[in-house]
Amino acid sequence: MDGTIADIIVVGGGHAGCEAALVAARLGQDTILVTLQEATIGALSCNPAIGGVGKGQLTRELDALGGVQGIVTDLSGIHYRMLNTSKGEAVQSLRAQVDKEQYSRQMRTLIANQPQLRVWEGSVEDIHLEGDRAAGVKLEDGSVLRSSKVILTNGTFLRAVMHVGEKISEGGRVGEGAVQHLTGALGSMGLETGRLKTGTPPRLDRDSIDWDRLTIQEPDPDPDGFSHWLDPPRREWMNCHITRTDESVHDVIRSHLHRSPMYSGQIDGVGPRYCPSIEDKVVRFPERSGHIIHLEREGLQTNSVYVNGVSTSLPADAQEQLVARIPGLEKAKFLRHGYAVEYDFFPPHQIRRTFECRAVSGLYMAGQICGTSGYEEAAVQGFLAGVNAALSLAGEAPFILGRDEAYMGVLADDLVRCDPREPYRMFTSRAEYRLMLRHDNADLRLATKGEKLGLIDVEQADRVRSDQEKIRDTISRLHDTRIGTRSLHQRLRIPGTTWEDLQAENPEVASWEVEKSLQDRIRIEVRYESYIERQMDEVERTRRQERWQLPEDLQYEKIHGLRSEAREKLINLRPDTIAAARRIAGVSPADLSCLLVALRARTRDENLEPS
């Protein structure tokens, strides 16, 4: 079938593709989601979990704006834990294990029930162009599906190859194929490509594990969940279990290292530094006598157990030998061996913060195709790409979040000014304003933005506004209420002070009727108040620099005084503001001064002022 059949075509049914397709349709655009297999939409290809350090904030923010990952997680979660509870709230993050089949089923249901959204099974092998603008996709069978915008979320499927020891097979995931020609087609349009690698551990049969020899890790007893809009999850939870490798395990790995595709030269792509294979751990950390392994059930109705910490592409026999040396797994039976996937990606300096390609108008990219790793990073990229594609069609201004507004803004800003040599992963350390971008306040920061987009309804937004007002009013009352010479506000700033302490010392506090969830938020706001004020001062300085826009046609090669490294980085990454240029490694304060001189001269010549 040839012809105009959609406003937006989304390619790929993973986390990025699902968010992109759903939000585009919700914003009124006729949308088609093209995927290799409809049954694998929303599949969790690797670990059975959502969230984690930095990643949990992304999912919470996505939910506050109207995305679906948090909702689907809470409908399928089986084990919740808040991480980093021994540290400050600014770096605490929620992580949930989920029932993998239920997660995918819930996502497929949302997509099936979404008006103006259709699913199309097929393999996209080229972009249909009209002039230099993306105007649809070409399928493997030669047919063309026409559209006004195209969003690519191909994950790990571009020229994908799977490795298990010396065994090599085509595919981006077990049981699925690869997309062979799209990389070349995009390359002919002037897009630069690269090669990355990811991996996954073995899956073991639950009934073959000696659970009595493992350490139990219980979930949090009363979790709030990821979604602001659902009631907190209430169900029977599952335990996680912990074991460790030892030197006997490491000896097996060393004896087979020459057969590992990562070390034999069989794999060219670079894997994620922060999620290394077990081979990498043994080689890079020879001083460590053991590494922690988490055994995580993949669902309520499956015997499959995910061996978190043993990602590997060693040959099958070597995997069986090393697992048999791990305490509790001596008799474990394999349901699936671990494997590595090598795939193509497109360095993200080639996209704008809207996720539209610089070289091809109307073409957007999101997810692992942009060099990132993780379900959460993919989901927020897909959401932002879908929102901006829809807004562009509606003739509205783009939706761009600042680094001071959301981890989502940090992610988008990082990507457009980086040239990754390894998959990008979100951490709390990447956010310089993380005191302001906490897990607990995502709705307070972003729900009104979701309302303006039309993705958060008035009732939801009013609830958030009510919470904001209660927090402000209660903090004011804390200032005005005293215990002796000290206000309750001063008392709450003392580390270790709880809301219960205030009620015990001043019974009047109990009559304020502040909900438990708000008590915690108020305590955190008061605790970090002075630090947040200092960060806000820095935010304002940065915003002034954001007003200095750097034109896309700025000729950096002609700017006098720029160092060679800075000139090369600026030409390659094309930052859109002085503030963005300042964050590029290799651009010094002296280089920024040269940029400002050149920019002032240009605006003076054109009789312009900074926007």
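How many salt bridges does the structure hold? The structure holds 42 of them, a salt bridge being a side-chain nitrogen of Lys or Arg within 4 Å of a carboxyl oxygen of Asp or Glu.

First, the ground rules. This is a predicted model, where local features need pLDDT of at least 70 and side-chain atom pairs count only at pLDDT 80 or more, while totals for chains, interfaces and linings use all residues. Residues are numbered from 1 along each chain as its sequence is written, and side-chain values use heavy atoms, with hydrogens and water left out.

Now the overall fold. We have 19 helices and 23 strands; these are DSSP runs numbered from the N terminus (helices H or I, at least four residues; strands E, at least two). The radius of gyration is 25 Å, close to the 25 Å of the globule rule for 611 residues, so the chain is as compact as a globular protein of that length. That radius is taken over C-alpha atoms, and the rule is 2.2 Å times the number of residues to the power 0.38. The C-alpha trace spans about 75 × 70 × 50 Å along its principal axes.

Next, burial and contacts. Of the 611 residues, 57% are buried (buried is under 20% relative accessible area, exposed over 50%, partly exposed in between; 1.4 Å probe, protein chains only). Take contacts between residues at least 6 apart in sequence: 72% join residues at least 24 apart. Contact here means heavy atoms within 4.5 Å.

Back to the salt bridges. K55 pairs with E376, with the closest N and O atoms 3.2 Å apart. K55 sits in helix α2 (residues 55–65) and E376 in helix α10 (residues 375–393), so the bridge ties together parts 321 residues apart in sequence. Buried or exposed, these two? Both K55 and E376 are buried.

Compare E247 and R254, which meet in a salt bridge at 3.4 Å, N to O. E247 is partly exposed, at 33% relative accessible area. R254 is partly exposed too, at 37%.

Last pair: E432 and R403, at 2.9 Å, N to O. E432 lies in the loop between α11 (407–416) and α12 (442–453), R403 in the loop between α10 and α11, and the two residues are 29 apart. E432 is partly exposed, with a relative accessible area of 31%. R403, at 8%, counts as buried. Which residues does the network around R403 join? Salt bridges with shared partners link R403, D413, D414, R417, E432 and R583 into one network.
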